[in-house]
Every structure is written in structure tokens, then in C-alpha cells.
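Please keep the sequence and the structure at hand while reading.

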Amino acid sequence: MIKPGHVISRDALIEGTLEKHLAEAEAKGLFVRTSEAERKQSRARIMESFAPDEDIWVFGYGSLMWNPAFNFDEQRTGTIFGRHRRFCLRTMMGRGDEDFPGLTLGLDRGGSCSGIAFRIDRSHAVHELDLIWQRELITDVYRPVITPVQTPDGTVRATTFAINRNHHRYAGDLDMQAEAEIIARAVGWLGTCREYLYNTVDMLERQNIPDQTLHRLCKMVRKITGE
């Protein structure tokens, strides 16, 4: 069940609550943030990939599905190819801490991934993408990319966030048992890591999107925790 109290809300982005948490984490030496200028340049490059009068699509595959925190004008289920959803990002904030880092999702190489494509009208795309970039481009661990998304109503071009495999927090070497052990135990200021997993699986089920890997991971985590 999705728990609204354990999310990065739209208000937290607009009012600077997230920035406060990030500043505290950076002061502890947990990571180095991308600058506002770097985020704006990155966002501008993505927007330049779309025609001036073209709406912007954003593909969500993890928490953006169940907690977008941005305004959109349409959503469709869809599938991308060449990348798959995986718990391959170590996090020491939000769903983990410096003593026991958690794991969150990234798009890794190979396979395919089904999720939700959100259309943002071009008239308010700058503001809404700014909120998304504040949330997703905290560091350079994600790379914004443009990818075709096959939907029931046709293929659209969307931006999404792929894992930077060269980043020191990339965790692509873990097997599923190791992932389950971490997810079962990790907790941060946003809540438990397993809540993040459960919310993602819950939304996939609501949208009738199959993901046997995450369902298997859920069973492993519940076995460890006795839930």
C-alpha cells in the first residue's frame, strides 16, 4: 500500500524541504550535489531534443510512477527496449543512511522495461521539468536520456533516467539475494527501503504491468522480514 507520508512531495520540492535534507547530507560528506547551473544545462539539452511546440514526455519506472510530484496532462503505460529496471543504486539518504546504505531503482543496460509515460504540456514543461531535475539529478548518478516508448496509442519519445554505470554508487554487481538482504534492512529519512519496493510493485499491479523479477524480490524480502 502506498503511504503518502513517505514520499518526496511537490511541496517539499517547491518549498525547499528536500534541499534542506540534501544540504545536511552533503555537509556530512555523503555525496556531492550537482549545481543548479548544471541541472539547468542538463534540462535545456533535453528540451532542445524536442521541437519548440512539442509536448514533453517523461518515462517513469520506479517512484515516479507512484509519486510523480509533478503536474502532467496525460499518462500511458508503455515499454522501452535496451534497458531494464533494477535495484542497482546505493543510497545513503532517503531509503538508507551512511551506516547501512539502501538500494533504489535505476535503468541498467539490456532487456526491456514497462512503466508509465507522462505527457507534460509544453506551456508548463520548463517548471515541471525543473521539479523533476531537482529530484532526480541530485548527483550525476543518473543520466537523462531520450528513448522511444511503445504505448497502446502509439510510440512516443520520452526522457527518462538511466544509471551511470561509472558512478561509485552503482551496485550492478549484486545478486538478488544480496539485494533482498539490503532492501529488507535499510531505512532512511523517507522510510524503509522495502516500502519503496512494495510501492513500486503495487503500482505495477494496478497498471497491469508484469515484472516477475520485482515480484520474486518482494517474496524474498518478505521472507527475510517475516511479513
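Asp 108 lies in strand S3, and the model in which it is described here is a predicted one.

**Asp 108**

- Asp 108 has a relative accessible area of 2% and is therefore buried, the cut-off for that term being under 20%.
- Leaving aside residues up to four places away in sequence, Asp 108 touches Gly 82, Arg 83, His 84, Arg 86, Cys 88, Ile 163, Arg 165 and Tyr 170.
- Between Asp 108 and Gly 172 the C-alpha to C-alpha distance is 8.2 Å, although the two are 64 residues apart in sequence.
- With Arg 165, Asp 108 forms a salt bridge through the side chains, at 2.6 Å from N to O.
- Because Arg 165 sits in the loop between strand S5 (154-163) and helix H6 (176-185) while Asp 108 belongs to strand S3, this pair ties together parts that are 57 residues apart in sequence.

**Salt bridges**

- Side chains of opposite charge can pair when their charged atoms come close.
- The count for this model comes to 16 salt bridges, where the rule requires a side-chain nitrogen of Lys or Arg within 4 Å of a carboxyl oxygen of Asp or Glu.
- Asp 55 and Arg 119 form one of these salt bridges, with 2.8 Å between the closest N and O atoms.
- That pair links distant parts of the chain, as Asp 55 is in the loop between helix H3 (36-48) and strand S1 (56-60) and Arg 119 is in strand S3 (residues 102-120), 64 residues apart.
- Arg 119 has a relative accessibility of 19% and so counts as buried, which places it under the 20% cut-off.
- Glu 74 and Arg 76 also form a salt bridge, and here the closest N and O atoms are 2.8 Å apart.
- In this pair Arg 76 counts as buried at 16% relative accessibility, while Glu 74, at 24%, counts as partly exposed.
- Through shared partners, salt bridges join Asp 55, Glu 74, Arg 76 and Arg 119 into one network.

**Strands and their pairing**

- Strand S1 is mostly covered, with five of its five residues buried.
- Both faces of S1 are covered, for Ile 56, Val 58 and Gly 60 are buried on one side, and Trp 57 and Phe 59 are buried on the other.
- S1 and S3 run antiparallel and are joined by five bridges, and Ile 120 in S3 is the bridge partner of Ile 56.
- Strand S4 (residues 142-151) pairs with S5 in the antiparallel sense over 10 bridges, and the two strands form a hairpin with two residues between them.
- Within that pairing, Thr 155 in S5 is the bridge partner of Gln 150.
- Seven of the 10 residues of S5 are buried, so this strand is largely enclosed by the rest of the structure.

**The largest pocket**

- The largest pocket has a volume of about 260 Å³.
- Its lining consists of 15 residues, and those nearest its centre are His 84, Arg 85, Ser 112, Asp 211 and Thr 213.
- Two or more lining residues are given by each of strand S2 (74-91), S3, H6 and helix H8 (212-225).
- By residue type, the lining of the largest pocket divides into six nonpolar, five polar and four charged residues.

**The cavity**

- Rolling a probe the size of a water molecule over the atoms shows where empty space is left.
- Across the whole structure, the search finds one cavity of 30 Å³ or more, and about 530 Å³ of space lies in the largest cavity.
- This cavity is lined by 32 residues, of which Ile 8, Thr 104, Arg 135, Glu 136 and Tyr 142 are the closest to its centre.
- The elements giving two or more residues to the lining of the largest cavity are helix H2 (17-27), S1, helix H4 (63-66), S2, S3, helix H5 (125-136) and S5.
- The lining of the largest cavity divides into 18 nonpolar, 10 polar and four charged residues.

Notes: Residues are numbered from 1 along each chain as its sequence is written. This is a predicted model: local features need pLDDT of at least 70, side-chain atom pairs count only at pLDDT 80 or more; totals for chains, interfaces and linings use all residues. Side-chain values use heavy atoms; hydrogens and water are left out. Helices (H or I, at least four residues) and strands (E, at least two) are DSSP runs, numbered from the N terminus. Buried means under 20% relative accessible area, exposed over 50%, partly exposed in between (1.4 Å probe, protein chains only). On a 1 Å grid over the protein atoms alone, a cavity is a set of points where a 1.4 Å probe fits but cannot get out, and a pocket is an open set with protein on both sides within 12 Å along at least five of seven lines; lining residues have an atom within 4 Å of a point. Grid points are joined across faces, edges and corners, and a volume is the space filled by probe spheres set on the points. Ala, Val, Leu, Ile, Met, Phe, Trp, Tyr, Cys and Pro count as nonpolar, Asp, Glu, Lys and Arg as charged, and the others, Gly among them, as polar. Two strands pair if DSSP finds at least two bridges between them. Contact means heavy atoms within 4.5 Å.
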